[in-house]
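Trainee: I would like to learn how to read salt bridges and helix packing in a model such as this one. Could we go through the features one at a time?

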Amino acid sequence: MQDNEKIAQLLTQLMQTGQAEQAANIRQLCGYVDSLEKQYAAVMSELQGIKEQLSEATAQKRPLRVQVSDAVQTAETALKQARDQLPTLKEDLAIWAETTANDLRRVGISVLDNTVAFLNIQQILENIRDALESALQSVRSAIHQVETMGQELREAGNHLANAGRAAAGREIQPKDVTQEGRFQAVVLAPLRGTDRMLTGMTRTTQAAVRNVRRLERTAEENRGRRERSSVRQRLEQKKEIVSQAPPSSPPPGRRKSEAVL
């Protein structure tokens, strides 16, 4: 996004007009968008790998496969909803940058006081964040299901094994049922990796939202300073006009002494 010609032109103009803070915030916002785009490809690839692992599950693992597959599908749907908003976000940013750069040349830095232009960008970012949070909840639900079912299966298997030993008159042997089985570990590893990636993407999006709010806050503060400065200038101009005005002469027909009194 930072390589976009319209964004680059705006950044150059901001630096030339002494708006380094605004330029840094916009550069950071573009960095967030670029980062999200790269992470989407990685997390979608991870989810595809989970689906392939689930397709190899045996009949015994079918209930687990169905539950996890549903959760993964829900996460994929939410991720696609978020991803589909990225082109609109990038287009809006480019249009805003071009419009702002043109107005900056025509009007001056006061054009940066306009916060309305940020509203749609912030809304898109919030929609993306909400979709990512929904995907993250689905993945965490799948992790919980795999962990719970794996624990239950190991406990049941251990109970049956000990019942067989007892029936045969052999000593019951305690077994660690917390250790994950092979299939469970194979599925949980990419699920946990997806959890970490989605957590990072959600934080990135939230940071982008804060960045837009910071841009808006800076614009409001600048507008307030310019408005106060304008009021002071008008008051000073009015005082100067009054001080330079000639003294008013008394109305005709009045005596000089009356005029003095």
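Trainee: How many salt bridges does the model contain?

Mentor: Bear in mind that this is a predicted model. A pair counts as a salt bridge when a side-chain nitrogen of Lys or Arg lies within 4 Å of a carboxyl oxygen of Asp or Glu, and by this rule the count comes to 8 salt bridges. One of them joins the side chains of E37 and K90, with an N to O distance of 3.2 Å. Because E37 belongs to helix α2 (residues 20-55) and K90 to helix α4 (residues 86-106), this pair ties together parts that are 53 residues apart in sequence.

Trainee: Which residue forms a salt bridge with K51, and what parts of the chain does the pair link?

Mentor: The partner of K51 is E76, and their closest N and O atoms are 3.1 Å apart. This pair links distant parts of the chain, since K51 sits in helix α2 and E76 in helix α3 (residues 62-83), 25 residues apart. As for accessibility, K51 is partly exposed with a relative accessible area of 31%, whereas E76, with 6%, is buried.

Trainee: Where do D103 and R106 lie?

Mentor: Both D103 and R106 lie in helix α4, where they are 3 residues apart, or about one turn of the helix. They form a salt bridge whose closest N and O atoms are 2.8 Å apart. Here D103 is buried, with a relative accessible area of 19%, which falls under the 20% cut-off for that class, while R106 is exposed at 63% relative accessibility.

Trainee: How should I read the packing of two helices, and at what angle do α2 and α4 pack?

Mentor: Two packed helices are described by the angle between their axes and by the distance between those axes. For α2 and α4 the angle is about 160 degrees and the axes are 11 Å apart. Angles over 145 degrees count as roughly antiparallel, and α2 and α4 are therefore roughly antiparallel to each other. The crossing of α2 past α4 is left-handed. On the α2 side the contact is made by I26, L29, V33, E37 and Y40, and on the α4 side by L86, L89, K90, L93 and W96. Sorted by class, this contact of α2 with α4 has 8 nonpolar, no polar and 2 charged residues.

Trainee: What are the angle and the axis distance for α1 and α4?

Mentor: Helix α1 (residues 5-16) packs with α4 at an angle of about 40 degrees, the axes being 8 Å apart, and the crossing of α1 and α4 is left-handed. From α1, the residues K6, I7, L10, Q13 and L14 meet a set in α4 that includes L93, A94, W96, A97 and E98. By class, the contact of α1 with α4 has 9 nonpolar, 2 polar and 3 charged residues.

Trainee: Which residues does L47 touch, leaving out those up to four places away in sequence?

Mentor: With that exclusion, L47 touches V72, E76, L79 and T194. L47 is found in helix α2 and counts as buried, at 0% relative accessibility. The C-alpha atoms of L47 and V72 are separated by 6.9 Å, although these two residues are 25 residues apart along the chain.

How values were computed:
Residues are numbered from 1 along each chain as its sequence is written. This is a predicted model: local features need pLDDT of at least 70, side-chain atom pairs count only at pLDDT 80 or more; totals for chains, interfaces and linings use all residues. Side-chain values use heavy atoms; hydrogens and water are left out. Helices (H or I, at least four residues) and strands (E, at least two) are DSSP runs, numbered from the N terminus. Buried means under 20% relative accessible area, exposed over 50%, partly exposed in between (1.4 Å probe, protein chains only). Axes are lines fitted to C-alpha atoms, for helices over the stretch in contact, and angles run from 0 to 180 degrees between N-to-C directions. Angles under 35 degrees count as roughly parallel, over 145 as roughly antiparallel, 65 to 115 as roughly perpendicular and the rest as oblique. A crossing is left-handed if the near helix is turned anticlockwise from the far one by less than a right angle, and right-handed if clockwise. Contact means heavy atoms within 4.5 Å. Ala, Val, Leu, Ile, Met, Phe, Trp, Tyr, Cys and Pro count as nonpolar, Asp, Glu, Lys and Arg as charged, and the others, Gly among them, as polar.
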